[in-house]
Amino acid sequence: GAAAWLFDLMGSRFGAESARVLELQLAWASFTDSPWVGLGAWGRYAYSHLIPWQTSVTAGNFLHSGVLHLALKTGVVGLLLLLALALAFGRECRLALRLDDPARRAVALVALCGVLFLLPDLFIGTPVPQLRTMQFWALCLGLPGLATAAAASAARPTPQPAPRARSRVPA
């Protein structure tokens, strides 16, 4: 059933935890060592060598959870910034979805759907170190603001140049 989709996140009743769960547990333990500002951009979680896929020079440098990855690297400060970004996106979506122009509302709806599509990857995937995924995040997060800005600029009248004054020089 549903457990088949999340087999690597399910704990084991007998024996060791799965490698993915162990990875998250080790990262969480490292996060709790420095929760306010995290480990920094080049920080690595402790005991990453216990994870089978963490063997290269980048071992311990990424996680299968974007939120925990940000927490580990930037701490509570980064999580608060992520929360502020989510709130700003929600505000812009709400404004864009109230626009009269159906094309601009559609742009905001596409952005909202894109973010909803990316949420599972943010929680149980590796979006942060992947450039293409972060570019898609940026596109989705920016579209509602673009739609509202375009609607605001379309609503403003275009400034007309002042008429030239005629000079009355006798001929």
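**A kinked helix and its surroundings**

Tutor: Let us begin with α3, which has a kink of about 125 degrees centred on Thr74. Please keep in mind throughout that this is a predicted model.

Student: What does α3 span between its end C-alpha atoms, and what would a straight helix of 32 residues span?

Tutor: Helix α3, which covers residues 66-97, spans only 28 Å between its end C-alpha atoms, whereas a straight helix of 32 residues would span 46 Å at 1.5 Å a residue.

Student: And how does α2 do on that count, from its first C-alpha to its last?

Tutor: Helix α2 has 15 residues and reaches 21 Å from its first C-alpha to its last, which is close to the 21 Å expected at 1.5 Å a residue.

Student: Back to α3, then: which of its residues are buried?

Tutor: The buried residues of α3 are Gly66, Leu68, His69, Ala71, Leu72, Lys73, Gly75, Gly78, Phe89, Cys93 and Ala96.

Student: What do the buried residues of α3 pack against?

Tutor: They pack against three helices, namely α2 (19-33), α4 (102-124) and α5 (131-155). For α2, the buried residues are Arg20, Val21, Glu23, Leu26, Ala27, Ser30 and Phe31, and these pack against α3 and α4.

Student: Let me zoom out for a second. How many helices and strands are there in the chain?

Tutor: The chain has five helices and zero strands, so that, given how such elements are assigned, its order from the N terminus on reads α-α-α-α-α. Of its 171 residues, 28% count as buried, and among contacts between residues at least 6 apart in sequence, 58% join residues at least 24 apart.

Student: Is Leu143 buried or exposed?

Tutor: Leu143 is buried, because its relative accessible area is 18% and the cut-off for buried is under 20%.

Student: Changing topic to charges: how many salt bridges does the structure hold?

Tutor: The structure holds two salt bridges. In one of them the side chains of Glu92 and Arg91 meet at 3.0 Å, taken from N to O, and in the other the side chains of Arg104 and Asp101 meet, also at 3.0 Å from N to O.

Student: What is the relative accessible area of Arg91, and of Arg104 and Asp101?

Tutor: Arg91 is partly exposed, with a relative accessible area of 45%. Arg104 is partly exposed as well, at 24%, and Asp101 counts as partly exposed at 27% relative accessibility.

Conventions: Residues are numbered from 1 along each chain as its sequence is written. This is a predicted model: local features need pLDDT of at least 70, side-chain atom pairs count only at pLDDT 80 or more; totals for chains, interfaces and linings use all residues. Side-chain values use heavy atoms; hydrogens and water are left out. Helices (H or I, at least four residues) and strands (E, at least two) are DSSP runs, numbered from the N terminus. The expected span of a helix is 1.5 Å times one less than its number of residues. The bend at a residue is the angle between axes fitted to the seven residues ending there and the seven starting there. Buried means under 20% relative accessible area, exposed over 50%, partly exposed in between (1.4 Å probe, protein chains only). Contact means heavy atoms within 4.5 Å. A salt bridge is a side-chain nitrogen of Lys or Arg within 4 Å of a carboxyl oxygen of Asp or Glu.
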